[in-house]
Amino acid sequence: MLAALRSGWAAPAGPDVDAFERDLALLAGVDHAVAVSSGTAALHLALLALGVGRGQTVLVPTLTFAATANAVVYTGAEPYFVDCEPGTGNVDVDLVAEALHRLTRQGQPIGAVLPVDLFGRCADYTRLLPLCAEYGVPVLEDAAEAVGAAHRGRPAGGFGAAGVFSFNGNKIMTTTGGGALLTSDERIAARCRYLSTQARQPAVHYEHTDVGYNYRLSNVLAALGRAQVRRLDHLVGRRRELRERYVKAFASRPGVELLGADGSVDDAQANAWLNVVVVDPDLAGWRAAELGAHLARQGIESRPVWKPMHLQPVFADARRLVAGAAERLFADGLVLPGGSALDDADIARILAAVDEFLAAWG
Ligand SMILES: *Cc1c(COP(=O)(O)O)cnc(C)c1O
């Protein structure tokens with residue numbers, strides 16, 4: 001970062017942006033990366049580059065962060081919310097198939113399917129990609145939380161027509177704020193790069209034939225991103241270690257499971273960005289929120305799982321295909337403390353508090 005500042009490249013262009021983009025393309029296993037000011041901006045540009053707009057519907061998982069759905073609304077298209085698999089929280093592929101079938105039968109244009117790699121675990125692309133190809137609908141991968149994760153050995157961010165990373169402060173690697181679009185389609189990359197820099201035609205007097213955006217990442221932040229890429233294995237390694245300890249802490253507790261650790265998917269390929277414990281109160285004898293309250297009394301922060309999009313007031317009128325899985329994770333899940341800043345003493349204190357709570361229940 002200091003080198004970038006001293007070089008005078010303080011603009012949203014420069015050698016560190018170029019180098020960061022090369023790092024990111026390698027990381028995602030794609031030909032092109034476009035570094036932008038946020039993951040949300042990358043989603044917005046990717047949707048525009050895919051031709052998504054007014055009159056179209058985009059399938060979005062109901063269990064996601066609002067940015068996924070907001071980006072769809074920015075384009076004038078409408079989100080259509082689809083429920084998740086209970087075991088991973090990722091979008092339910094059978095319901096995606098049902099939604100594609102229904103919308104196609106109704107003659108509704110579908111602009112894209114936008115799966116989210118929830119909490120750092122890839123959606124089931126083995127099934128999603130051929131399904132969407134069958135309907136001729138492009139896939140845009142929201143890998144905002146999944147930098148460093150993989151699905152069957154292929155890195156997150158590289159599935160579908162395009163993918164998106166976020167480098168927001170809360171994500172696994174950060175540029176304080178930032179994001180990127182990943183694609184092997186040169187046309188999509190060029191379109192996003194053009195729209196991200198105010199849609200300037202190559203003329204010295206600034207000629208414009210489109211409405212553009214100011215979405216490019218600054219060279220100084222790209223330099224920070226390059227430093228973070230070098231630490232990514234270490235950052236993911238620490239998250240996975242913490243996840244292992246949570247798995248152990250809750251092992252052999254009836255009705256208590258870490259989301260994604262039920263053996264139905266290869267847990268080792270997730271980046272363990274967030275760990276969610278899911279509690280069946282009838283089997284466990286306690287509720288997830290009670291564990292949260294116990295931790296809070298010791299000054300330890302935990303959080304409920306995101307409120308599903310179809311329950312949000314802002315999306316009250318949006319169409320949806322939901323079966324109750326996301327609502328159950330919202331009711332019975334707890335996001336456990338995590339983050340790269342936790343040191344060994346913090347982790348020991350958190351696990352001791354969890355053990356103390358569990359001991360009270362025998
Ligand atoms: C963080 C996040 C985003 C948005 O990324 P920003 O860089 O914060 O704009 C989009 N989708 C998901 C699933 C996220 O978690």
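Which residue has a backbone N or O atom that lies 2.7 Å from an oxygen atom of the ligand? In this predicted model, that residue is Gly39. The protein covers 94% of the 380 Å² of accessible area that the ligand has on its own.

An N or O atom in the side chain of Glu145 is found 2.5 Å from an oxygen atom of the ligand. On the side chain of Asp142, an N or O atom is 2.8 Å from a nitrogen atom of the ligand.

Stepping back, the shell around the ligand can be considered as a whole. It has 16 residues, and those that come nearest are Gly39, Thr40, Glu145, Ser166 and Lys171. Sorted by class, the shell contains 8 polar, 5 nonpolar and 3 charged residues. Two elements give two or more residues to this shell, namely helix 3 (39–49) and helix 4 (66–74). Helix 3 supplies the largest share, with 3 residues.

Where does the ligand sit in relation to the pockets of the protein? The space that the ligand takes is the largest pocket. About 960 Å³ of space lies in this pocket, and 48 residues line it. Nearest the centre of the pocket are Asn170, Lys171, Trp273, Leu274 and Arg303. Lys171 is a name to remember here, as it is also among the residues that come nearest to the ligand.

The lining of the largest pocket draws two or more residues from each of helix 3, helix 4, helix 8 (219–250), strand 12 (303–304) and helix 12 (344–360). Helix 8 gives the most, with 4 residues. By class, 20 residues of the lining are nonpolar, 19 are polar and 9 are charged.

The structure holds 2 cavities of 30 Å³ or more, and the largest cavity has a volume of about 70 Å³. Its lining includes Thr88, Leu118, Phe119, Gly120 and Arg121, together with Arg243, Leu259 and Asn275. The lining of this cavity divides into 7 nonpolar, 3 polar and 2 charged residues.

Terms used:
Residues numbered from 1 in each chain as written. Predicted model: local features only at pLDDT ≥ 70, side-chain atom pairs only at ≥ 80, totals over all residues. Heavy atoms only, no water. Near = heavy atom within 4 Å. Polar contact = N/O pair within 3.5 Å; in protein donor to acceptor, adjacent residues only side chain to side chain. Areas by Shrake-Rupley, 256 points an atom, 1.4 Å probe, with all protein chains shown as cover. 1 Å grid on protein atoms, 1.4 Å probe; cavity = no way out; pocket = protein on both sides within 12 Å on 5 of 7 lines; lining within 4 Å. Sits in = over half its atoms within 2 Å of the grid points. Nonpolar A, V, L, I, M, F, W, Y, C, P; charged D, E, K, R; others polar. Points joined across faces, edges and corners; volume = space filled by probe spheres on them.
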